[in-house]
Amino acid sequence: MQQNVYNVIWVDDEVDQLYENSKRILKQNNINVICKAHNGVEFREQIETLYDRVDAVIVDANFCKSGTNVVGDKTISGLRYVESTISELN
């Protein structure tokens with residue numbers, strides 16, 4: 001019996017460390033992280049090229065929209081930003 005593999009983009013300002021700590025669990029659950037993005041700008045760039053291959057997005061509740069880590073910049077709801085970006089692409 002063939003198992004489904006789910007391709008995801010993971011968006012989190014701490015994605016590298018989280019991914020390293022989660023690789024085994026992801027693999028066991030047939031989740032393939034095809035891209036990691038550290039902020040909204042990186043997510044937008046990736047989703048535009050990978051849109052047809054992505055099954056889901058793992059997103060931090062709050063993350064920086066830009067590549068800068070300005071104090072107070074984490075006011076963007078990660079879920080709302082991802083949702084609005086995907087809506088624009090549709």
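**Entry 1**

I began with Asp-12 and found that, leaving aside neighbours within four places in sequence, Asp-12 is in contact with Leu-18, Ala-37, His-38 and Asp-60; contact here means heavy atoms within 4.5 Å. The model is a predicted one, where I took local features at pLDDT of at least 70 and side-chain atom pairs at pLDDT 80 or more, while totals for chains, interfaces and linings use all residues. Residues are numbered from 1 along each chain as its sequence is written, and side-chain values use heavy atoms, with hydrogens and water left out.

Asp-12 sits in the loop between strand 1 and helix 1. For these elements I use DSSP runs numbered from the N terminus: helices are H or I with at least four residues, strands are E with at least two. Is Asp-12 buried or exposed? It counts as buried, because its relative accessibility is 7%; my cut-offs are under 20% relative accessible area for buried, over 50% for exposed and partly exposed in between, with a 1.4 Å probe and protein chains only. A polar atom of the Asp-12 side chain lies 2.7 Å from the backbone nitrogen of Glu-14. I list such a pair as a polar contact: N or O atoms within 3.5 Å, where, within protein, one must be able to donate a hydrogen and the other to accept it, and residues adjacent in sequence count only if both atoms are side-chain atoms.

Next I looked up Asn-39, in the loop between strand 2 and helix 2. Asn-39 is buried, at a relative accessible area of 6%. Which backbone nitrogen does its side chain reach at 2.9 Å? That of Glu-42; the Asn-39 side chain also reaches the backbone nitrogen of Val-41, at 3.1 Å.

**Entry 1: helix 1**

I checked the length of helix 1 against expectation. Its 14 residues should span 20 Å at 1.5 Å a residue, and the end C-alpha atoms are 19 Å apart, which agrees; the expected span is 1.5 Å times one less than the number of residues. Where does helix 1 bend by about 60 degrees? The bend is at Ser-22, taken as the angle between axes fitted to the seven residues ending there and the seven starting there.

Ser-22 is also buried, as are Val-15 and Leu-26 in helix 1. The buried residues of this helix pack against strand 1 and strand 2. After helix 1 comes Asn-30, with a positive phi near 60 degrees.

**Entry 2: nonpolar cores**

I then searched for nonpolar cores, meaning sets of buried Ala, Val, Leu, Ile, Met, Phe, Trp, Tyr and Cys residues joined through side-chain atoms within 4.5 Å. The largest has 10 residues, including Ile-9, Val-11, Cys-35, Ala-37, Phe-43 and Tyr-81. Strand 1, strand 2, helix 2 and helix 3 each give two or more residues to this core, and helix 2 supplies the largest share, three residues. A second, separate core has five residues, among them Val-8, Val-15, Leu-26 and Val-33.

Val-11 of strand 1 is buried at 0% relative accessibility. Cys-35 touches Val-8, Ile-9, Trp-10, Gln-46 and Leu-50, not counting residues up to four places away in sequence.

**Entry 3: salt bridges**

How many salt bridges does a search of the whole structure find? Four, each a side-chain nitrogen of Lys or Arg within 4 Å of a carboxyl oxygen of Asp or Glu.

Lys-36 pairs with Asp-16, the closest N and O atoms being 3.4 Å apart. This pair links distant parts of the chain, with Lys-36 in strand 2 and Asp-16 in helix 1, 20 residues apart. Lys-36 is partly exposed at 33%, and so is Asp-16 at 37%.

Glu-20 and Lys-23 meet at 3.1 Å, N to O. They are separated by about one helical turn because they are three residues apart in helix 1.

Glu-88 and Arg-44 form a salt bridge at 3.2 Å, N to O. Glu-88 lies in helix 3 and Arg-44 in helix 2, so the pair ties together parts that are 44 residues apart in sequence. Glu-88 counts as exposed at 56%, whereas Arg-44 is partly exposed at 23%. Salt bridges that share partners join Arg-44, Glu-48 and Glu-88 into one network.
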